[in-house]
Amino acid sequence: MNAQEAPTRDEIVTIMRTPSLMLALLAACAGPPAWAAQALGCLIEPERVVDVGSPVIGVIQAMTVERGAPVRRGQVLATLRADVERASFGAASLRAEAEAEVQGAATSASFNRERAVRAEELFGKNFISQQALQQARTESQLAEQKLSQAIEQRRVSQQERDVAAAQLSQRTIRSPIDGVVAERYLSAGERVDDKPLLRIAKVNPLRVQLVVPIALYGQMQIGSLASVMPDLPGAQIRSARVTLVDKVVDAASNTFRVHLELPNADLALPAGLRCKAEFPTLAAPEAKAEPAAPQVPAKVAAVAPAAVAPTAVPPRLGPAAIEHAAGLGAERLVVRAAHARPGSGGHAALALAMLSEPTHAPATRR
């Protein structure tokens, strides 16, 4: 009422005598529409959870991480005792790097090759017999075969070294993903068999899981954006993207699941939080066509807030009820309804109830 003066008593009585104007005034005091979209409850989970175990049986020599520690892919998490494997790797490395046998076979092959060439020349001049020439050729071929055998043996030694290195590497447990240590099950000195040592949770990005009513099926599309508000003091609203829409509906609850990807590069959000998700792209249900609202006098419009949504038409609205509501009590009721907080519905509902009362004699003016 700052910009315009309040309505007079006669104007209020006129409004009370006109049902359409009364309904318009009450509609102005109504709250938000009943179809207003509500946020969907959701749960923030790790993108992946991995139980890290050992491929071999052994005894833990050292654990290099604790619970809650961030880890990178390939980082050493634990080591097992590997004295025998380390010794086997050393021996295999020496055999693979040995050069003497190959060099000796190469020298022998070169000598016998030259010897066979000289024998060919002497046989051409009739200085040696056919038997001596065949002997020189045979010794040259044997020397070549010994060289090939030495080279192949060296390759086998290199393969044995690689096998020993693989066996030794199995004694070192590394992280398969980037994440944080969620659980640590064993400590140094304990035996490892088929139980996991650690649990690693990938928290960047996070996965948001929603259980959505079937009424919204078809409106959730992969790639759609949503606003996620974590249930954490001081947390800000973040944007997430739909990555999965379940194609199987739960018949018991008539719902389906939706997964969202929530970036968490700064690791500010922990996994396991409850949250609320809103989809700005979801279409509101179509409202039924309503008749045009009557014009409210300017003075009353200045008192009442802006109309938000039409309210239900009260039943049993008759002339006698309007005459009864036009008394002094009704006048005060209209003013209180006009000043009611939007959405409270208290005074507006009371005024509608008075208009719906049975016929009474009009109040006597004094």
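Visitor: Is Ser 224 buried or exposed?

Guide: This is a predicted model in which local features need pLDDT of at least 70, side-chain atom pairs count only at pLDDT 80 or more, and totals for chains, interfaces and linings use all residues. Residues are numbered from 1 along each chain as its sequence is written, and side-chain values use heavy atoms, with hydrogens and water left out. Buried means under 20% relative accessible area, exposed over 50% and partly exposed in between, with a 1.4 Å probe and protein chains only. The relative accessibility of Ser 224 is 17%, so the residue counts as buried.

Visitor: Which backbone oxygen does the side chain of Ser 224 reach?

Guide: Ser 224 lies in the loop between β8 and β9; helices (H or I, at least four residues) and strands (E, at least two) are DSSP runs, numbered from the N terminus. At 2.9 Å from the side chain of Ser 224 is the backbone oxygen of Gln 221.

Visitor: Which residues is Ser 224 in contact with, leaving aside neighbours within four places in sequence?

Guide: Contact means heavy atoms within 4.5 Å. With those neighbours left aside, the contacts of Ser 224 are Ala 240, Arg 241 and Val 242.

Visitor: How are the rings of Tyr 217 and Phe 256 arranged?

Guide: One aromatic pair is found in a search of the whole structure. Rings of Phe, Tyr and Trp (its six-membered ring) pair if their centres lie within 6.5 Å; planes under 30 degrees apart count as stacked, over 60 as edge-to-face and the rest as tilted. The centres of the Tyr 217 and Phe 256 rings are 4.8 Å apart and the planes stand at 85°, so the pair is edge-to-face.

Visitor: In what order do the four strands of the open sheet run?

Guide: Two strands pair if DSSP finds at least two bridges between them. The edge strands, each pairing on one side only, are β5 (172–174) and β7 (191–192). The pairing is antiparallel, and the order is β5-β4-β2-β7.

Visitor: Which residue of β4 stands opposite Met 63?

Guide: Strand β2 (residues 58–63) and strand β4 (residues 76–80) run antiparallel and are joined by three bridges. Ala 62 stands opposite Thr 79 in β4. Opposite Met 63 is Ala 78.

Visitor: Which residue of β7 stands opposite Val 59?

Guide: Val 59 lies in strand β2 and is partly exposed, at 25% relative accessible area. β2 and β7 pair in the antiparallel sense over two bridges. In β7, the residue opposite Val 59 is Arg 191.

Visitor: What distance separates the C-alpha atoms of Val 59 and Leu 80?

Guide: Not counting residues up to four places away in sequence, Val 59 touches Thr 79, Leu 80, Arg 81, Gly 189, Glu 190 and Arg 191. Val 59 and Leu 80 are 21 residues apart along the chain, and their C-alpha atoms are separated by 5.5 Å.

Visitor: What does helix α4 pack against through its buried residues?

Guide: Helix α4 (residues 100–124) has 25 residues and reaches 37 Å from first C-alpha to last, close to the 36 Å expected at 1.5 Å a residue; the expected span is 1.5 Å times one less than the number of residues. The buried residues of α4 are Val 102, Ala 105, Ala 109, Asn 112, Ala 116 and Ala 119. Those residues pack against α5 (130–169).

Visitor: Which elements do the buried residues of α5 pack against?

Guide: The end C-alpha atoms of α5 are 59 Å apart, which agrees with the 58 Å that its 40 residues should span at 1.5 Å a residue. Its buried residues include Leu 133, Ala 136, Ser 140 and Leu 168. The buried residues of α5 pack against α3 (83–97), α4 and β5.

Note on methods. A polar contact is a pair of N or O atoms within 3.5 Å; within protein, one must be able to donate a hydrogen and the other to accept it, and residues adjacent in sequence count only if both atoms are side-chain atoms.
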